[in-house]
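Dear colleague,

Please find the structure below, with its sequence.

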Amino acid sequence: MFAILKRAAATDRGVAIRHGPDSTIHLSYAELLSRSLTRAGALQRAGVRAGDRVAVVTTTSHATLETLFGLSALGAVPVPTAPPPILSDDRTSRQLLTHIVDTTDARHLVAPSSFLSQVEPLRKRPGMEAVLPLEEGVNERPIDPVERGPDQVAYIQCTSGSQKAPKPVVILDRHLEANTRGISERSSMGGDDVSVSWLPLHHDMGLVGTLLTPMASGAEVVLLPWQGFLMTPASWLWAMSDHGGTVTAAPCFGYGHCVSRIRNEKRLEDLDLGTLRIALIGSDPINHRVLSRFAERFASAGFDPGSFVPAYGLAEACLCVSMTPPGRGVRVDRVRTEALQGSPPMAIPAMDEDRASRGVVSCGEPLEATDVRIVAEDGTILGPRRVGEIQARGPSVMAGYLNAEEATSESFEEDWLRTGDLGYLSDGELFVVGRIKDVIIVRGRNYYAHDVETTVEALECV
């Protein structure tokens, strides 16, 4: 992580944190490097040592960036975590943070001053040495960064935990280097690009996809608080317009949120999305109808539907496994629903777009040096258009889960990562249809949760 900042500091670009329509704080990468080394000095003075795992309650702030990079420079291991208010009740969020601290054996916790009262009970956890305020340490003496090797732990990425407690994924420096390079090369990202994002930094798509990859490419980075986007989704579009954004990323939900929540057409008359060339989509099921509505809604602002770049990835692969080339737009494979629900399920092409067919979005070809295969439940490797578990291997795939040998062993078939997702290959491209644990089997027929959700969402009464 620190190596990325060090390379970026040689450019004249930087990172901007935007709060509201008129408040933007910009730091050059050189300034961020200097402040990160100073922050590392403060952390060292507070007792953080090389090799220590440190939970960081992330916010969209320069202080968070300085802390993450400062820990990397110190040789410590950051564990980015969500701020408590991300969940609906404080008790649940404290339990989640406690689980992360316990499973990662974090010796220190760094949190914004406004959250210290909420995380104070963690000070008494066994092995916890200190709870530190995020904002302190800017006046300390900077350190000399440690020498890092490719097999040093870059950070611990906790899985999203939508179905179970988050698992701590061990990401090494070489995993991060390979994935950021692979995304940059596939997307042709470079020093002339401006990345604009509202994605939270505790999530792999936000941390790797819209912060570290643009930095590794020498691009400018503009970050918005995710809370602001949820309340005012137009803030994302205006940030792209005002900063000349060329790259952005969001789950399909984010594009749909703009369509459903932005209603004042008159306020969008001066919106300019014509500079955008890459609009990555990933992290949740991709609904091509949602993307079509977004493209139609903002066509008058210059949005080019060819800028859509669907991708597939997961925390266990650092971030990205496959992605489509920029400029092509969304490729939809129309398949027969009955064949997809059969046993064994197959993606048989459909002749027409009707209720007996389903559109599946291509997530493109695997990144350079990454392999993908489809495997049946009995371990048989399947050919094109046969639906099974997506498995991947390559230089970005995790070292394993921290302190969880059994879970790590269950997640691998030799050197192939078992993703738990269902999909198929066609013409070398990956199509994702669901998740194994989300499949509902009724009288021998497979029903995918995503299909049920999409059908319900299409009802006018919903």
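Rings of Phe, Tyr and Trp (its six-membered ring) are taken as a pair if their centres lie within 6.5 Å, and planes under 30 degrees apart count as stacked, over 60 as edge-to-face and the rest as tilted. By this criterion, the whole structure holds twelve aromatic pairs. One of them joins Phe229 and Trp236, edge-to-face, at 5.5 Å centre to centre and with 90 degrees between the planes. Phe294 and Phe298 form a tilted pair, at 4.8 Å and 50 degrees.

This is a predicted model: local features need pLDDT of at least 70, side-chain atom pairs count only at pLDDT 80 or more, and totals for chains, interfaces and linings use all residues. Residues are numbered from 1 along each chain as its sequence is written, and side-chain values use heavy atoms, with hydrogens and water left out.

Phe229 and Trp236 are both buried (under 20% relative accessible area, 1.4 Å probe, protein chains only). Phe294 and Phe298 are buried as well.

Trp236 is among the buried residues of helix H9 (residues 234-243); helices are DSSP runs of H or I, at least four residues, numbered from the N terminus. The buried residues of H9 pack against elements including helix H8 (226-231) and helix H11 (288-297), with contact meaning heavy atoms within 4.5 Å. Gly244, which follows H9, has a positive phi near 65 degrees.

Elsewhere, Thr64 lies in helix H3 (residues 62-74) and is buried, with a relative accessible area of 0%. Beyond its neighbours within four places in sequence, Thr64 contacts Thr58, Thr59, Leu134 and Leu201.

With kind regards

Technical notes
Buried means under 20% relative accessible area, exposed over 50%, partly exposed in between (1.4 Å probe, protein chains only). Helices (H or I, at least four residues) and strands (E, at least two) are DSSP runs, numbered from the N terminus.
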